Amino acid sequence: PGGPNIPNTAEGTYKIVFDENNLTFTKELYSWGLVGDATPGGWGDPGPDIPLEYDSCSDTWKAIAVLTDGNWKVRLNNDWPVNYGLGDAPGTLAAGGGDIPVEAGTYLVTINFNDNTYTIVEDTYGIVGSATPNGWDGPDVPFTPDYCNEGLYYAYNVTLVEGLIKFRRNNNWDENYGDDGDGVLEPGGPDIPVTAGVYDVVLDLRNPSVPTYTLTEVN
């Protein structure tokens, strides 16, 4: 109690276990990620791999991943001693298994280590427009879902130039949203003007009849 600070000697993502009864703790580097020629980091060793985020509500690991034509696997701590690839059937994982093929796209990837399965689906929302880095053609600036609040999406530290934006699903125009100036989104609505800056953007589709968004300048 009240003891000295505990030093950390290497930057990284850790699993820390604190035992209140025995007043002990353990700390180990711990991160899961996607690696492969379909990922921006390629098969590089070490990566950096596309980091997976732990979803405590479903006890799975998830990532919004922009992938190219190629292959991917899952590995621990950006290294190969512990890795998972394709199992005996599509959608299953096996320790040290084969490469998993994928076509170019923006995907929600879910890894379930409880039953060694995975899903990879094009079900994402993003920001598109002349104010975004890739303009109206995309790929869009992807949102990360709030995994415990279905319909809520976040994009932090998004750099925008002066111009226009809209929100759309799966990098195409089948489902898109704009704003006619009332702060409520309309399906297929007008472009949204923005000034240059760095923004935190929230897209709230939890109430389908009143979809909303916020743009908060952070820099």
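Modeller: Leaving aside neighbours within four places in sequence, D204 is in contact with G151, L152, V210, P211 and T212, where contact means heavy atoms within 4.5 Å. This is a predicted model, in which local features need pLDDT of at least 70 and side-chain atom pairs count only at pLDDT 80 or more, whereas totals for chains, interfaces and linings use all residues. Residues are numbered from 1 along each chain as its sequence is written, and side-chain values use heavy atoms, with hydrogens and water left out.

Colleague: Why is D204 called buried?

Modeller: Buried means under 20% relative accessible area, exposed means over 50%, and partly exposed lies in between, with a 1.4 Å probe and protein chains only. D204 has a relative accessible area of 17%, so the label buried applies. D204 is found in strand 21, residues 197–204, strands being DSSP runs (E, at least two residues) numbered from the N terminus.

Colleague: What makes the pair D204 and R206 a polar contact?

Modeller: Their side chains are joined at 2.7 Å, and a polar contact is a pair of N or O atoms within 3.5 Å; within protein, one atom must be able to donate a hydrogen and the other to accept it, and residues adjacent in sequence count only if both atoms are side-chain atoms.

Colleague: Why is K15 called partly exposed, and what does K15 touch?

Modeller: The relative accessible area of K15 is 33%, and therefore K15 is partly exposed. K15 lies in strand 1, residues 14–19, and touches T26, K27, E28 and Y30, not counting residues up to four places away in sequence. K15 and T26 are 11 residues apart in sequence and 8.0 Å apart in space, C-alpha to C-alpha.

Colleague: How do you know that the charged end of K15 sits over the ring of Y30?

Modeller: The definition asks for NZ of Lys or CZ of Arg within 6 Å of the ring centre and within 35 degrees of the ring normal. The charged end of K15 is 4.1 Å from the centre of the Y30 ring, and the charged end of R75 likewise sits over the ring of W80, 4.6 Å from its centre.

Colleague: Why is the aromatic pair of W136 and W173 called tilted?

Modeller: The structure holds 13 aromatic pairs, and W136 and W173 form one that is tilted, at 6.1 Å centre to centre and 35° between the planes. Rings of Phe, Tyr and Trp (its six-membered ring) pair if their centres lie within 6.5 Å; planes under 30 degrees apart count as stacked, over 60 as edge-to-face and the rest as tilted. W136 lies in the loop between strand 13 and strand 14, and W173 in the loop between strand 17 and strand 18, so the pair ties together parts that are 37 residues apart in sequence. W136 is partly exposed, with 31% relative accessible area, and W173 is partly exposed, with 38%.

Colleague: What makes F143 and F167 a tilted pair?

Modeller: Their ring centres are 5.9 Å apart and their planes 50° apart, which gives a tilted pair. F143 is buried, and so is F167.

Colleague: Which residues have the most contacts inside the largest nonpolar core?

Modeller: They are W32, L34, L52, W72, V74 and I111, in a core of 21 residues; a nonpolar core is a set of buried Ala, Val, Leu, Ile, Met, Phe, Trp, Tyr and Cys residues joined through side-chain atoms within 4.5 Å. The largest share of this core, four residues, comes from strand 6.
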